[in-house]
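Me: I'd like to learn how to read a strand and its surroundings in a model. Could you walk me through one example?

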Amino acid sequence: MSNNNDSFIVTIQDHKTVEHHSPKTLLETIELQQIEIQYHCREGYCGACRSKLINGEVEYTTDPLAFIDDDEILPCCCIPTSNITIAIG
């Protein structure tokens with residue numbers, strides 16, 4: 001599990017590069033940057049925030065129930081454990 005002081009670089013394709021600070025979820029970091037992303041449940045149930053993980057690693061704060069492919073993540077319930085690059089939308 002990540003420490004509360006962990007900080008990683010998140011590169012969001014077609015948007016910008018931002019710094020993520022635990023324990024925020026990746027969705028919260030994206031929202032703070034006013035980048036538009038679809039979401040509904042914030043709990044990993046619906047899959048609306050499904051995004052492609054291009055490189056890096058994340059861990060889930062809760063086990064997601066929505067179907068995701070091996071190269072996808074749910075920003076609503078994950079936090080980076082390394083610098084990452086994602087594609088949203």
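Predicted model: local features only at pLDDT ≥ 70, side-chain atom pairs only at ≥ 80, totals over all residues.

Me: Where in the fold is T85 found, and which residues does it touch?

Reply: T85 belongs to strand β7, which covers residues 84-87. Leaving aside residues up to four places away in sequence, T85 touches T11, Q13, K52, L53, I54 and N55.

Me: How do strands pair in general?

Reply: Strands of a sheet pair through backbone hydrogen bonds, in either a parallel or an antiparallel way. Here, β7 runs parallel to strand β1 (residues 7-12), with 3 bridges joining them. In that pairing, T11 stands opposite T85. β7 also pairs with β3, this time in the antiparallel sense, again over 3 bridges. There, K52 is opposite A87 of β7.

Me: What is the strand order of the whole sheet, and which strands stand at its edges?

Reply: The order is β2-β1-β7-β3-β5, an open sheet of 5 strands with mixed pairing. β2 (16-21) and β5 stand at the edges; each has a single partner strand, so one side of each has no neighbour in the sheet.

Key: Residues numbered from 1 in each chain as written. Heavy atoms only, no water. Helix = DSSP H or I, 4+ residues; strand = E, 2+ residues; numbered from the N terminus. Contact = heavy atoms within 4.5 Å. Pairing = 2+ DSSP bridges.
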